[in-house]
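Subject: Handing over the structure

Hi,

Here is the structure I promised to pass on to you. Please have a look at it first, and then read my notes below.

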Amino acid sequence: MNAFLDHCRSHLAEIRAQGRYRHFTPLSRDAARFPLYSLSIDGRATDVTVWSSNDYLGMGVDPVTINGARAALETLGAGAGGTRNIGGTSPLHDALEAELAALHGKGAALLFSSGFVSNQASLAAILRSLPNWHVFSDEKNHASMIAGIKASPATCHIFRHNDLDHLASLLAAAPAGAPKLIAFESVYSMDADIAPIGAICDLADRYGAMTYLDEVHAVGMYGAHGGGVSERDGVAHRLTVIEGTLAKAFGCHGGYIAAEATVIDYIRSTAPGFIFTTSLPPAVVGGALASLRTLRDDSSRREGLFRQVDLLKRKLDEAGLPRLPSESHIVPLMIRDAARCRDTSRLLLEEYGHYATPINYPTVPRGTERLRLTPTPLHSEAMMDDLVAALADVFAALDRRAA
């Protein structure tokens, strides 16, 4: 025990010395004023504009979502009562799964307690199903996908990020008769780029591979109905499994997969991460169902999001701030030093009333530290102007300090 505690202390000290110790910021969201939050320090509350929320469309504070959650809470109670097998299935769970399957044009869908669990449990279940699996994983895949792959006996091949030639060479070198799976994301949340989904499907067809696409940073926002980049690109029908989340654009909580009904039934019947986990609470499911139905039929929120994203990108560029070029709704601002990244975030918050989370190793490689900005349709142009001015001041102050 003493040796373990000594290790914990020394490791935490090393993380602090590197400037990447993670502090939780005491922010309280005000549903009526989002994206304004309240920051409480020493008993004093101040307003803060938050730029790092994954509630990309503000649906987590939308009356449609809140009313859907409230109705489910009042009708079905607070908790699900257990796993789906024991007592956690309700008509709301079934309805949400049916809506998610329809959103992606698949035969069925399955809810999980989080997006992390849906990736980990589903990939592990698939890759344990047959002997001699070979999985081909993009080098920038999320930790949840990596965890699912590592939990299986599959042989893992990591291909360079979005590199079709490298992926093709790895597929060609694998045993022709072995089962194969290509695992990748649509929108990569740290670099804000988008995978060539159709071209990856072409390679899957050529080499007889299944495909597993993580759409967590795209569902709700891309495509005519919010089905993600695969819907936008017209290739959803070519994918074996589509994974998504209810915790970002839909503004709630939980993860899911959509696929052919037999695949869903197999994972439902074999994945411990599903079988032994209490199902999502009724209020969460009710809120997510209301949010999904609204976004499916109303494109105005998506259109508003991308207008504001383009506006912020233009303002950052005009100010000469080091924005990483991106083709998605995520706007990375490159800092490239852990301590400076932490200090930039701290000064923005303490002196200017803006909050942007510092992204450090191991989330991104050392030397690529950044602030990850996610403007929503509810961020005004005045908020953007104030942020850009604050960033310019902070960068100048830190440059003077370093000189």
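**Charges over rings**

The charged end of Arg340 is placed over the ring of Phe395, 5.4 Å from the ring centre. A charge sits over a ring here if NZ of Lys or CZ of Arg is within 6 Å of the ring centre and within 35 degrees of the ring normal. Arg16 also lies over a ring face, that of Tyr21, at 4.2 Å from the ring centre.

Before you go further, please note that this is a predicted model, in which local features need pLDDT of at least 70 and side-chain atom pairs count only at pLDDT 80 or more, while totals for chains, interfaces and linings use all residues. Residues are numbered from 1 along each chain as its sequence is written, and side-chain values use heavy atoms, with hydrogens and water left out.

**The chain as a whole**

The chain has 15 helices and 14 strands; these are DSSP runs (helices H or I, at least four residues; strands E, at least two), numbered from the N terminus. Its C-alpha atoms fill a box of roughly 60 × 55 × 55 Å along the principal axes. The radius of gyration is 22 Å, which agrees with the value near 22 Å for a compact globule of 403 residues. That radius is taken over C-alpha atoms, and the globule rule is 2.2 Å times the number of residues to the power 0.38.

Of the 403 residues, 54% are buried. The cut-offs are under 20% relative accessible area for buried, over 50% for exposed, and in between for partly exposed (1.4 Å probe, protein chains only).

**Aromatic pairs**

How many aromatic pairs does the rule give? The count comes to three, where rings of Phe, Tyr and Trp (its six-membered ring) pair if their centres lie within 6.5 Å, and planes under 30 degrees apart count as stacked, over 60 as edge-to-face and the rest as tilted.

One of them is the tilted pair of Phe34 and Tyr37, with 6.1 Å centre to centre and 55° between the planes. Phe34 counts as buried because its relative accessibility is 8%, and Tyr37 counts as buried at 11%.

Another is the edge-to-face pair of Tyr222 and Phe306, at 5.1 Å centre to centre and 75° between the planes. This pair links distant parts of the chain, 84 residues apart: Tyr222 is in the loop between β8 (209-214) and α9 (229-232), and Phe306 is in helix α13 (residues 300-318). Tyr222 is buried, since its relative accessible area is 3%, whereas Phe306 is partly exposed at 23%.

Gly223 is also found in the loop between β8 and α9, and counts as buried at 18% relative accessibility.

Leu57, in the loop between β3 (44-50) and α2 (63-76), is buried with a relative accessible area of 4%. Leu57 and Leu305 are 6.8 Å apart in space, C-alpha to C-alpha, though 248 residues apart in sequence. Ala17, in helix α1 (residues 2-17), is exposed with a relative accessible area of 70%. The C-alpha atoms of Ala17 and Ala199 are separated by 44 Å, and the two are 182 residues apart along the chain.

**A cavity and a pocket**

On a 1 Å grid over the protein atoms alone, a cavity is a set of points where a 1.4 Å probe fits but cannot get out, and a pocket is an open set with protein on both sides within 12 Å along at least five of seven lines; lining residues have an atom within 4 Å of a point. The whole structure holds one cavity of 30 Å³ or more.

The largest cavity has a volume of about 80 Å³. Among its lining residues are Arg84, His93, Phe112 and Phe274, and β4 (108-112) and α11 (272-275) each supply at least two residues of the lining.

The second largest pocket has a volume of about 180 Å³, a volume being the space filled by probe spheres set on grid points joined across faces, edges and corners. Its lining includes Asp138, Glu139, Lys150 and Cys156. The largest share, three residues, comes from α6.

Best wishes
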